[in-house]
Structure formats: C-alpha cells, structure tokens
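The following exercises are to be worked with the sequence and the structure side by side. Each task is followed by a solution that goes step by step.

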Amino acid sequence: MKVLVTGAAGRVGANVVKRLAATGAGVRAMVLPGDPQAAKLAALSDVEVIEADLLDQASVDRACRGVSHVVHLAAQLVRGDTPVDRFYDVNAFGTLRLLEGVVRNGGCERFVLASTDGTYRPGDPPAVPLREDAPQEPADYYGTGKLLGEIILRNHAVQFDIPFAMVRFATVVSPEEAVRQFRLRSVRELFGRARLGRDSNIWQLFQGQPDLVRIVDDVVGADADDQMAVGLTGPDGEPWSLHMLDVRDAVEGVYRALTEPGALGGAFNIASAQPTCFTAGSEIIAERFDVPRAVVRMPMTWRLEMSIDAARRALGFEPKYDFASMVATADGTDVIPARVGTGGA
C-alpha cells in the first residue's frame with residue numbers, strides 16, 4: 001500500500017502519516033509549498049514529503065503518481081481575507097483536481113475524503129444527534145465547499161470506478177488544545193465569531209440574539225481571569241453540548257475508512273463516544289487546574305451532537321478518548337501537536 005496523504009502538515013494529517021508509516025505502509029505526505037508546519041514530519045522516517053498545491057493540477061498529478069490509496073485531508077477551514085471563489089476552489093475544486101490526478105494516473109484502490117459536521121448546518125443543527133442522513137444544508141462557505149467536495153467525489157467515483165469512503169469529523173481537538181476548552185477565553189472567542197456575520201460557519205446561532213459576550217461578562221465580570229472555567233446552559237438550564245473528537249480517534253477513523261471493507265461507498269460520522277456538556281467540561285477544567293468556575297444561562301440552547309452508530313457498525317470504530325481523558329493526557333503523549341513551535345493553536 002502506497003498512500004498519498006494531503007494536508008499532511010495539519011492537525012490530523014501529520015498523525016495519520018505517523019500511523020500509516022508505523023504500519024509499514026509507504027507514505028507520500030503532500031504539503032503546501034513552504035509550509036512551516038511541514039517540520040512536524042521531519043522526525044518520521046521512510047516518509048516521502050512532496051510539495052503540491054491543490055490549485056495546481058500539474059503538481060497534483062505528480063503527487064498522485066504511483067500511489068494505491070489516497071487520504072484527502074487538505075482544506076482551508078477559515079476564509080479570512082481569501083476571496084470566496086478561491087476558498088471554494090481549494091475546498092471543492094481541490095478535491096476535483098485530486099480525483100483527476102488519480103484518474104490520470106490509472107485510478108486507486110481507495111480514496112478517503114475527510115469532510116465535516118459543518119455540512120449539517122452546525123449553527124442550527126437539523127437534528128440531535130446528527131445522523132448521516134440528516135439534511136446537509138450548511139448555508140456557509142466552508143460547509144458548502146466541503147459538501148460540494150462530497151458530491152464531486154460521489155460522481156467521480158461512479159464515472160471512473162473509484163472505490164471511496166468519507167468521514168465527517170466532529171470538532172477535532174489535539175490533547176494539548178483540550179486544556180484551553182471551556183474557559184472564559186474560549187467562550188469569548190466562540191461568541192466573538194458573531195462579528196463575522198454570515199461569514200461564520202455557525203452564523204445561525206447568533207441570529208436575533210443579543211451581545212452574548214456581554215451576557216457572559218455580566219455574570220463573571222469584564223475583568224475576570226480569562227482562564228477561569230465557564231459552563232453554559234440554555235434558558236431552562238439544559239446544558240449546551242459540543243461533540244468533540246480527539247485527534248487520536250480521528251486518526252483511527254481515517255485508518256478504518258481506508259482499510260475496512262465495510263467502509264466502501266459510505267459516509268461516516270466520526271466523533272467521541274459521547275458529546276461534552278459545557279457544564280461538565282467546565283467542571284473538569286476547574287478541578288484539574290484549580291481555577292474558579294461560573295455557569296452562565298444563555299437565551300438559547302445549542303447542542304451540536306453526532307451519532308457514530310454507522311461507524312461502529314460498518315467500521316468497528318470505537319473511540320477511546322472523552323474530554324476528561326484528553327485533558328488528563330495533555331502532557332506526555334506521543335501525539336504530534338497541532339502546531340509546531342506554539343504547543344498548538
């Protein structure tokens with residue numbers, strides 16, 4: 001097995017490369033030209049690193065030569081100042097170019113596409129929990145781009161007989177990042193996304209709502225330590241919840257999608273065994289780091305949860321890490337961190 005891994009310098013990608021190399025598979029790690037995060041791969045022996053840009057068909061074609069399997073993880077998550085058409089070009093037509101590269105080089109034995117819970121409209125989920133047959137109507141740039149990538153893959157797979165599988169990730173967290181969750185700073189950052197208007201993938205959450213940061217600050221105080229723990233509930237006291245995914249479980253989901261016969265032709269939610277309530281998450285942070293904790297009642301309830309029943313049945317996927325174990329293993333793991341030189345971001 002010779003596997004091309006795109007997005008190999010990313011949070012999931014570097015750890016997928018590491019896992020595949022450890023099994024003895026040949027690995028070609030595709031990174032953007034000049035990406036400083038490619039330094040994550042320097043310690044991995046017997047890994048071929050190749051620079052290629054999803055916007056450049058010729059470089060993609062070269063990356064696809066001689067590979068038997070493809071894991072497509074590369075994506076641009078945040079648009080920022082990127083023009084909308086270029087953003088779609090990376091996330092949707094980048095997938096098309098990669099598939100064209102596969103076809104031009106004689107096909108492959110399996111093509112695995114990493115997609116996202118963002119295709120389900122995460123700011124206003126159509127169901128709790130989300131199953132794979134839930135409506136995919138994201139109404140934002142990122143979710144729509146990834147959904148287009150899914151459609152392109154399905155159609156190309158039929159047209160050119162490409163065996164494929166798709167994984168839709170929950171919010172992926174590296175262990176060193178888990179310790180920053182459910183804190184005042186992270187809550188303010190979450191609500192600060194309201195400033196993006198409809199350029200946010202969760203813009204529906206903020207529609208018709210007051211200044212949510214002010215509601216939090218009214219409870220904890222505007223000068224509160226931004227490392228304190230904060231839980232959130234709805235107006236009836238029901239906790240907010242978020243389905244997270246430890247990067248180690250994300251790697252396992254990808255590996256099973258790449259190797260299990262039951263994965264062929266399917267799309268699978270990949271998440272932790274249970275969602276994390278904001279109240280429970282804040283308790284874990286407060287106890288672990290001995291910081292003060294507050295619970296803030298918000299004017300609405302948000303529950304972004306996924307069912308992983310299909311992945312359990314077809315792939316034998318069984319996640320090992322919940323939020324408590326992510327925090328407990330934040331130090332001393334062999335996980336390649338989300339970002340080199342910063343301890344993650």
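**Exercise 1.** What percentage of the 345 residues of the protein chain count as buried?

*Solution.* This is a predicted model, in which local features need pLDDT of at least 70 and side-chain atom pairs count only at pLDDT 80 or more, while totals for chains, interfaces and linings use all residues. Residues are numbered from 1 along each chain as its sequence is written, and side-chain values use heavy atoms, with hydrogens and water left out. Buried means under 20% relative accessible area, exposed over 50%, and partly exposed in between, with a 1.4 Å probe and protein chains only. By that definition, 54% of the 345 residues are buried.

**Exercise 2.** Determine the disulfide count and describe the surroundings of Cys-108.

*Solution.* A disulfide is a pair of cysteine sulfur atoms within 2.5 Å, and by this rule the count is 0. Cys-108 is in no disulfide, since the nearest cysteine sulfur, that of Cys-64, lies 8.4 Å away. Turning to accessibility, Cys-108 is buried at a relative accessible area of 14%, whereas Cys-277, at 30%, counts as partly exposed.

**Exercise 3.** Describe the overall extent of the protein chain.

*Solution.* Along its principal axes, the C-alpha trace spans about 60 × 40 × 40 Å. In sequence terms, take contacts (heavy atoms within 4.5 Å): among those between residues at least 6 apart in sequence, 80% join residues at least 24 apart.
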